[in-house]
Amino acid sequence: MRLFLPRSALLAACALVAGCSTATPRPSAKAAPADVDRIVYEIGPCRGTCPVYSVSIVADGITYFEGLQHTARSGRVPADGTPSLFAAVRDRLARVRPAHSETISHPQCTLYATDQQVVTVTWMGSNREPVSLAFDLGCRDERFAELRASLSAARRLLPVDAFVGRATDF
């Protein structure tokens, strides 16, 4: 003999016996950092001899540097990385990660210096579309100070100085 209970009775029993919740989780504006398993951090060209490179790091720590212009190493080479480094970079960038791909450049900035590099960060996960943030370093508005600081801090965490040939920051 089968026992049929109304849905409300099942939910109440579940909550009492198993301690489960019947509340529906609300979607957040920003996805949780745990849904990211690869980050690509790219520095684009400037009007001079700025180093142009990208660093790719995955959750298990596998890291590659790719020197494109004005770097001590050209091409794609393995770099030192660990799962804890990935987590540190991911967590440092989590606050500035947009919900959808975004570019912040001249039209959005009131204080703007020309011919600067663009930093592009791309977050990737196996169950989601990649999301990118491109920030023009010529944008000097105070409202982007936290974004600039987060990008700079993440850059300092990544193993690039030896490949670039000098300490770099912005």
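F65 has 0% relative accessibility and therefore counts as buried; buried means under 20% relative accessible area, exposed over 50% and partly exposed in between, with a 1.4 Å probe and protein chains only. The model is predicted, so local features need pLDDT of at least 70 and side-chain atom pairs count only at pLDDT 80 or more, while totals for chains, interfaces and linings use all residues. Residues are numbered from 1 along each chain as its sequence is written, and side-chain values use heavy atoms, with hydrogens and water left out.

**Aromatic residues**

The structure holds three aromatic pairs. Rings of Phe, Tyr and Trp (its six-membered ring) pair if their centres lie within 6.5 Å; planes under 30 degrees apart count as stacked, over 60 as edge-to-face and the rest as tilted. F65 and F163 are stacked, because their ring centres are 4.9 Å apart and their planes lie at 15 degrees. This pair links distant parts of the chain, with F65 in strand 3 (residues 63-69) and F163 in helix 4 (residues 161-164), 98 residues apart. Helices (H or I, at least four residues) and strands (E, at least two) are DSSP runs, numbered from the N terminus. Ring pairs join Y53 to F65 and F163 in a cluster.

**Nonpolar core**

The largest nonpolar core has 32 residues, and I39, F65 and L93 have the most contacts inside it. Such a core is a set of buried Ala, Val, Leu, Ile, Met, Phe, Trp, Tyr and Cys residues joined through side-chain atoms within 4.5 Å. Among the elements that give two or more residues to this core are strand 1 (38-43), helix 2 (83-94) and helix 3. Helix 2 provides the largest share, four residues. Leaving aside neighbours within four places in sequence, L93 is in contact (heavy atoms within 4.5 Å) with I39, V121, W123, S150, L151 and A154.

**Helix 3**

Helix 3 has 13 residues and reaches 18 Å from its first C-alpha to its last, close to the 18 Å expected at 1.5 Å a residue; the expected span is 1.5 Å times one less than the number of residues. Its buried residues include L147, S150, L151 and A154. E146 also lies in helix 3 (residues 145-157). Beyond its neighbours within four places in sequence, E146 is in contact with R95 and V96. The C-alpha atoms of E146 and R95 are 9.1 Å apart, across 51 residues of sequence.

| Residue | Relative accessibility | Class |
|---|---|---|
| F65 | 0% | buried |
| F163 | 14% | buried |
| E146 | 44% | partly exposed |
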